[in-house]
Amino acid sequence: MSSLQMPKVDSSILSKKDKIVSDIGRIINPKNVLSHPDELRPFETDGLTAYRQMPLVVVMPETVKEVSNILKYCNDNKVKVVPRGAGTGLSGGSLPLEDCVLMAMGKFNKILEIDYENRCVVTQPCVTNLAITHAVQDKGFYYAPDPSSQIACSIGGNVAENSGGVHSLKYGATTNNLLGIEVVLMDGTITKFGGKAMDSEGYDFLGLMTGSEGLLGVITEVTVKILKSPEIVKAALIGFPTIEDAGNCVAEIIAEGCIPAGMEIMDKALTKATNDYSKAGYPTDAEAMMIVEFDGTEHEVEAYIEKAKQIAEKNNSSSLKVSKSNEERLKFWAGRKAAFPACGVLAPDYMCMDGSIPRGKLAEVLREITRLSKKYDLPVANAFHAGDGNLHPLIMFDANDKNSLKKCEDFGADILKYCVKVGGALTGEHGVGIEKRELMCEAFNDKDIQQQLTIKVALDPNSLLNPGKVYPILRKCAEEGRVHVHGGKTKFPDIPRF
Amino acid sequence: MEEKQNFQTSLDFNQNIFKPSTREEIVEIVKNCYKKSVPLEISGLQSKNKIGRNFQAEKTLDLSNYKGIIDYKPEELYIKVKAGTPISEIEEALKKNNQQLAFEPNDFGYLFSGESNSGSIGGVVACNFAGSRRFKVGSVRDHLLGFQGVNGKGETIKSGGTVVKNVTGYDLCKILSGSFGTLTILTEISIKVLPKPETSKTLIIKNPHVKKALNYLGQSLSSSTDPSGGVFYPDYFGKNFILNDLTHDGGLTGVRIEGPMNSVDQRIDRLSKELDLIDNEFSVLDSVQTEIFWNKTKNLEVFKNSKSNLIRIVVPISETLQVIQKLKKDDLNYFIDWGGSLIWMAFDHLNSKILSEIKEITKIHQGYYTLIKIEDDFKASADIFTIDPIKYKISEKIKKSFDPKRIFNPGKMYTGI
């Protein structure tokens, strides 16, 4: 564990461990209360594996009433609580605290209702993102947000982090695809925000809770809207001689009124690495490679692909291939989706950053990343959700060399600061968690942060729910850890990350 | 930028209506009101100021002079404006780049004053009322990328930004959308803009029956033809639409399809087949007529100059028919938008008995209502917005966190908030 500062450990809570275990064992089935170190070990980290901490105890409630009673008990006894879904988050949002009750929501794993008439699904929070689509696809529907870890990440976690995905340019992130949630507040209050009807009465608590990273409440039920699957999906694979050309092409496609379902750019380093890894047939001589995907009805997709082709040619494209079948389209994506493992081949370790920038600043930001790469003497490969300006630089380093790790972290922080400087954001879809906590002062001033903390205090006066996350403890812009991968082994090597 | 603590302007605090043109003036006014606990009514272009409960405010903060486009980047799909900027000015600027506010803000001017007044962007965000594309593109809140505002202590705060993907901190854009100016005075607003579709057409089905209409709408919205609007007007409203290709004046169901020309034709054709329509049962409006038709819908023009009370009811689509059947009275006129889940209902006479009935019915059917227009005598005692006791308690806490002395529009949404 690195030297990241977490909230002060309450030693009186540590000394009362046995009592807490037996008290909660009376609230829920004692079999669902884990306290032996061997049982706690699997919960010591999430997708941000650079940080590890065993919780005091793990509880696995089975009903909303149990969640409420546990939270009420913890609130009354001033015990910190860290909620956890599938534990795939990349920013350390469910990193335990030494004196916390880790509330693992794994038993909330059932889809409760599929309502085609209202085009929505009501589900428990620990159902995976992809399971929702699987449940409705036979009727030709799907759930639109598709974070790369969708095979494993939970829908409750998606709500907590406001997860995005490759297709969020056209279909929005989680917040735009939610209809309602049931939440338990730290004092045990159970309430529903939204439901099956669109928007809601009064203040938009659904919107406030979404992306609040488990600091405001524990989500116990989620209602998402489902969409009719598009009739046809086609992608074009386009090579460009310069990053500028690719960037201009993105801006023009958008300006022309075509909103692609997805638009991805990789730089030369990543194009080559992923092509070597997955044999996707990428133009490896191109300085930048773009995958642009359109979905809709046949005529619509044809019209957009044709327009994209013309714009690409105008912007000096060096190669252009349109998928002729769904298999070919998936092959285009295979390389892109192998970006993480491909980098694992190039270097012993890499860190994945997650910054958001205005689309038009792509070339400028990539030039800066290249400059920083030379300055820090560390190679970097860049993947970019170009449509919505979400950049994922992968910085390669060797964790056995302490100097290399420090350099990598400095490098990463410099990139994120630059993203903010050009009008972007610290995080596009991974969340702040502990990872970017100390960088919050790059994006916000004290008053902004104070306003957010006041909301936290309003709902959780003792700051017991997931403390130490999102908001800086220290008033410094320290550089903390990132998504760190050693020897190509992520925490969940079988989950796609892109 | 940090606030200067002792910023002085030449504002005269004896006046009752402030018309600031700079953020510094707004900050100074709020700080003064905070210090003296003076309640403030926040006002824009007066297009929706009648929506909400009556409340007492000693002073009015009129933002109509705080206007102008700060930054518009068509290729980045956003426009950043001052809160008092008229929607019409924004739409004019977007039009030049073939872009639009996809959430189609309602124009309440026809309803309240008989002529267009689409209000200011600040007012549109504060009310969060989206037009017919709601089910496809989201509400106003889904298009608010970022804001700068002044909280109840006179502190300048911000959240979000100008990029679409941003999960840095709590999403305050959402909690401020639809807060009716009770939490923070919005000063700068960054809003997502989208390209105008190449063309749009509307399939109009001649049909006076609401049950059948809801079936048509349900089927349309669940089809892969990707509609962007779905309405039903009963018989009595049919005559309000005089259009070349509209061959009858009775009840009608309208479904809008947008996109590239070829694709729109193909989808209209497919939809009419999927709905099993025979030739003389439907007509298709071209893009010019489509624009007129949906503008009339967005502007609630069927209620122009109407003296009736108007209620906005939102329920899941599966509940709409039952809600209408249960509420149906002789003096009731309504039309349905949002593909079946928004009911605009006009009552000639409204009293507390009828209103509690409406409240009960919308609650049973998992929805909510907002009283949009209501006779003055009844307004003082009526619940304009619905809420349950738990959410009321949470709302109180949130209100306090933004506006601890309750100086912004106190009581406009709920007593005590």
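## Where two domains of chain A meet

In this predicted model, 19 residues of domain 3 of chain A are in contact with 17 residues of domain 4 of chain A. Three elements of chain A, namely α9 (243–255), β13 (262–267) and α10 (268–278), each give two or more residues to the side of domain 3 that touches domain 4. What kinds of residues sit on that side of domain 3? They divide into 13 nonpolar, 3 polar and 3 charged.

If you'd like a distance to go with that, the C-alpha centres of domain 3 and domain 4 of chain A lie 27 Å apart. For the whole chain, the domain assignment gives domain 1 (11–104), domain 2 (111–228), domain 3 (232–337) and domain 4 (341–486).

## An open sheet in chain A

Now for some strands. In chain A, 5 of them form an open sheet with antiparallel pairing, and the order is β5-β6-β10-β8-β9. β5 and β9 (190–194) of chain A stand at the edges with a single partner strand each, so one side of each has no neighbour in the sheet. On average, neighbouring strands here are turned by 15° against each other, ignoring direction.

Take one pair from that order: β5(A) and β6(A) are joined in the antiparallel sense over 4 bridges. You can find A:I114 standing opposite A:V121 in β6(A).

## Helices against the sheet

Helix α4 (residues 64–76) of chain A packs on the sheet, where it touches β8 (178–184), β9 and β10 of chain A. The direction of α4 makes about 50° with that of β8(A). Helix α5(A) lies across β5, β6 and β10 of chain A, and runs at about 130° to β6(A).

Which residues of α5 (residues 129–136) of chain A are buried? They are A:N129, A:I132 and A:V136. These residues cover an arc of only 60° around the axis, which puts them on the same side of α5(A). An α-helix has 3.6 residues a turn, so residues three or four places apart point the same way. What covers the buried residues of α5(A) includes β5 (111–115), β6 (120–123), β7 (141–142), α6 (155–161) and β10 (218–225) of chain A.

## Where chain B touches chain A

Finally, the two chains: their contact takes 73 residues from chain A and 72 residues from chain B. Several elements of chain B supply at least two residues each to its side of the contact, among them α7 (210–221), α9 (261–274) and α11 (317–327). The most comes from α14(B), with 8 residues. By class, the side of chain B that touches chain A has 24 nonpolar, 30 polar and 18 charged residues.

How values were computed. Residues are numbered from 1 along each chain as its sequence is written. Chains are lettered from A and ligands numbered from 1 in the order in which they are written. This is a predicted model: local features need pLDDT of at least 70, side-chain atom pairs count only at pLDDT 80 or more; totals for chains, interfaces and linings use all residues. Two residues are in contact if their C-beta atoms, placed from the backbone, lie within 7 Å. Ala, Val, Leu, Ile, Met, Phe, Trp, Tyr, Cys and Pro count as nonpolar, Asp, Glu, Lys and Arg as charged, and the others, Gly among them, as polar. A residue is buried if 20 or more other C-beta atoms lie within 10 Å of its own, exposed if 12 or fewer, and partly exposed in between; C-beta atoms are placed from the backbone. The arc is that of the directions from the helix axis to the C-beta atoms. Two strands pair if DSSP finds at least two bridges between them. Axes are lines fitted to C-alpha atoms, for helices over the stretch in contact, and angles run from 0 to 180 degrees between N-to-C directions. Domain bounds come from an automatic or database domain assignment.
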